[in-house]
Amino acid sequence: MSALSGTEEPPAGQLATDPDTADAVQVALGTEHAAVWCYGLSAAFLPAPLEKWTRTDADAHRARRDAAERLLTDAGRRPAPAEPAYRTPSPVTDQGTAVAVAQAAEHDCAAAWHSVLQRCDDRDLRTAALDGLTDAATRGARWAGRAGTRPLVPALPGET
């Protein structure tokens, strides 16, 4: 199990001593907050057959968000709270734009966890960041398939 799966105690060592790593985890936490919000918004515009995806994906982001908060707290850092709302790449007005915002949320999460991966040496934290990157890229590919976007997965997920 990874450190951010929510089932084990997260490693706090490097976060307690390295501000760059802690800042990267704070950014990743922010993208998880935003993803949860985006899925709530998207759900209002998606048909019932996509409800399971929306619910499952939002739950995955909640679990990763909660684990990231524990990780930061255990390192003696204060987790950033969620914002009341987030700016979407374009207005969400129908099924197509709701799918696009879900896809964008996954891309942002993949990029944030990629950044954590680049900034840490701790094996457990690197594993957790890789899990975050992989999970977001996988969900993003599913939404990209729904949107008809090609390629489904960028050559280097998490790179902007």
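Helix α5 (residues 123-147) runs for 25 residues and spans 36 Å from its first C-alpha to its last, close to the 36 Å expected at 1.5 Å a residue. Helices here are DSSP runs (H or I, at least four residues), numbered from the N terminus. This is a predicted model: local features need pLDDT of at least 70, side-chain atom pairs count only at pLDDT 80 or more, and totals for chains, interfaces and linings use all residues. Residues are numbered from 1 along each chain as its sequence is written, and side-chain values use heavy atoms, without hydrogens or water.

**Helix α5**
- Its buried residues (under 20% relative accessible area, 1.4 Å probe, protein chains only) include L125, G132, R139 and W143.
- Cover for the buried residues of α5 comes from elements including α1 (13-17), α2 (19-43), α3 (51-74) and α4 (95-118).
- D122 caps the N-terminal end, with a side-chain oxygen 3.1 Å from the backbone nitrogen of D124.
- G148 follows α5 and has a positive phi, near 80°.

**T21**
- T21 sits in helix α2.
- T21 counts as buried because its relative accessibility is 0%.
- A polar atom of the T21 side chain lies 2.6 Å from the backbone oxygen of R119.
- Beyond neighbours within four places in sequence, T21 contacts (heavy atoms within 4.5 Å) Q14, L15, R119, C120 and L125.

**Largest pocket**
- The largest pocket holds about 190 Å³ of space.
- Of its 16 lining residues, Q103, H107, G140, L152 and P154 lie nearest the centre.
- α5 gives the most to this lining, with 5 residues.

Key:
Helices (H or I, at least four residues) and strands (E, at least two) are DSSP runs, numbered from the N terminus. The expected span of a helix is 1.5 Å times one less than its number of residues. Buried means under 20% relative accessible area, exposed over 50%, partly exposed in between (1.4 Å probe, protein chains only). A polar contact is a pair of N or O atoms within 3.5 Å; within protein, one must be able to donate a hydrogen and the other to accept it, and residues adjacent in sequence count only if both atoms are side-chain atoms. On a 1 Å grid over the protein atoms alone, a cavity is a set of points where a 1.4 Å probe fits but cannot get out, and a pocket is an open set with protein on both sides within 12 Å along at least five of seven lines; lining residues have an atom within 4 Å of a point. Grid points are joined across faces, edges and corners, and a volume is the space filled by probe spheres set on the points.
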